[in-house]
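Here is a friendly walk through one protein model, meant to be read with the coordinates open beside you.

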Amino acid sequence: DSSHFPHIQSTDNIILFSGCSDGFLRVYLFKDKFELLKSCHFNSKCILNVHVIVFKLHPIVFTMSTDGVISIWDFNSLGDVDVFQPVYQKRYHKAGINSFDVKNIHDNKILITTGGDDNDVQLNVISLSLKNDCGSLSIEELCKWHCDKYHSSQITEIKILNNNYIISASIDQRVTLLKMIYDKSCEKNLDCKYIGQYHTNI
């Protein structure tokens with residue numbers, strides 16, 4: 001998988017992050033041609049998903065792999081170290097993370113939804129903070145919710161919809177609709193309400 005964003009200093013340049021089956025996260029600069037900036041081997045497992053968000057002009061990279069681990073990388077530290085490593089890493093699923101969605105839900109709070117080979121739907125809220133506008137990135141997990149009873153086989157897609165709705169699809173041909181319940185004033189409280197399930201022929 002791969003993800004990209006315009007270079008902060010020049011909109012003519014594109015930074016491309018490529019998650020590879022050999023466990024490498026490769027970072028390229030593209031203008032007239034591709035230039036490899038960094039090749040990072042932090043995991044022996046295949047990287048299935050890559051996603052980039054920008055927080056206060058700070059590019060942040062999410063990767064998800066076949067061992068169920070979510071890793072978060074601080075792009076601004078890329079040039080400061082010889083070995084580029086995640087600033088946050090945690091195993092959320094028992095097996096591969098096939099699908100995900102990421103959304104800023106309030107100020108510095110990020111919702112990460114994932115669906116895995118283990119039939120599990122997971123919601124995780126993390127907070128992002130910087131020591132200053134250009135400082136090092138700090139990440140804290142605030143709360144999480146998960147359930148593996150809505151699907152009987154691996155989840156192939158999950159999306160965050162408007163009004164806190166979450167939709168997931170699986171090889172079992174079921175589409176499940178949930179509604180997230182999150183009180184912003186109580187950061188540790190996260191729940192999901194089951195809305196309905198629909199069977200498809202595909």
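## A buried asparagine and its surroundings

Asparagine 119 has a relative accessible area of 18%, so this residue counts as buried, the limit being under 20%. Keep in mind as you read that the model is predicted. Asparagine 119 sits in the loop that runs between β10 (109-116) and β11. Which residues does asparagine 119 touch, once its neighbours within four places in sequence are left aside? The contacts are Cys147, Asp148, His151, Ser152, Ser153, Gln154 and Ile155.

Asparagine 163 lies between β13 (155-160) and β14 (165-170), and its relative accessibility of 58% makes it exposed. Its C-alpha atom is 8.1 Å from that of lysine 179, a residue 16 places away along the chain.

Strand β11 (residues 121-130) runs antiparallel to β12, and 10 bridges join the two. Within this pairing, valine 125 has cysteine 143 of β12 as its bridge partner.

## A covered strand, β6

Is strand β6 (residues 58-65) mostly covered or mostly open? It is mostly covered: eight of its eight residues are buried. In a regular strand, side chains alternate between the two faces of the sheet. On one side of β6 you will find His58, Ile60, Phe62 and Met64, on the other Pro59, Val61, Thr63 and Ser65, and all of these are buried.

With β5 (residues 47-55), β6 pairs in the antiparallel sense over eight bridges, and asparagine 49 stands opposite methionine 64. The hairpin of β5 and β6 has two residues between the strands, and lysine 56 there takes a positive phi near 50 degrees. With β7, the pairing is again antiparallel, over five bridges; here phenylalanine 62 is partnered by isoleucine 72 of β7. The hairpin of β6 and β7 has three residues between the strands, and in its turn glycine 68 shows a positive phi of about 80 degrees.

## Aromatic pairs

How many aromatic pairs does a search of the whole structure find? There are four. Two of them are set out below.

| Pair | Centre to centre | Angle between planes | Geometry |
|---|---|---|---|
| Phenylalanine 17 and phenylalanine 75 | 5.6 Å | 85 degrees | edge-to-face |
| Tyrosine 28 and phenylalanine 34 | 5.9 Å | 80 degrees | edge-to-face |

Phenylalanine 17 is in strand β2 (residues 14-19), while phenylalanine 75 is in the loop between β7 (69-74) and β8 (88-91), so their pair ties together parts that are 58 residues apart in sequence. Phenylalanine 17 is buried at a relative accessible area of 0%, and phenylalanine 75, at 14%, counts as buried too.

Phenylalanine 34, with a relative accessible area of 52%, is exposed. Ring pairs also bring in Phe30, so that Tyr28, Phe30 and Phe34 are linked into a cluster.

Notes
Residues are numbered from 1 along each chain as its sequence is written. This is a predicted model: local features need pLDDT of at least 70, side-chain atom pairs count only at pLDDT 80 or more; totals for chains, interfaces and linings use all residues. Side-chain values use heavy atoms; hydrogens and water are left out. Two strands pair if DSSP finds at least two bridges between them. Helices (H or I, at least four residues) and strands (E, at least two) are DSSP runs, numbered from the N terminus. Rings of Phe, Tyr and Trp (its six-membered ring) pair if their centres lie within 6.5 Å; planes under 30 degrees apart count as stacked, over 60 as edge-to-face and the rest as tilted. Buried means under 20% relative accessible area, exposed over 50%, partly exposed in between (1.4 Å probe, protein chains only). Contact means heavy atoms within 4.5 Å.
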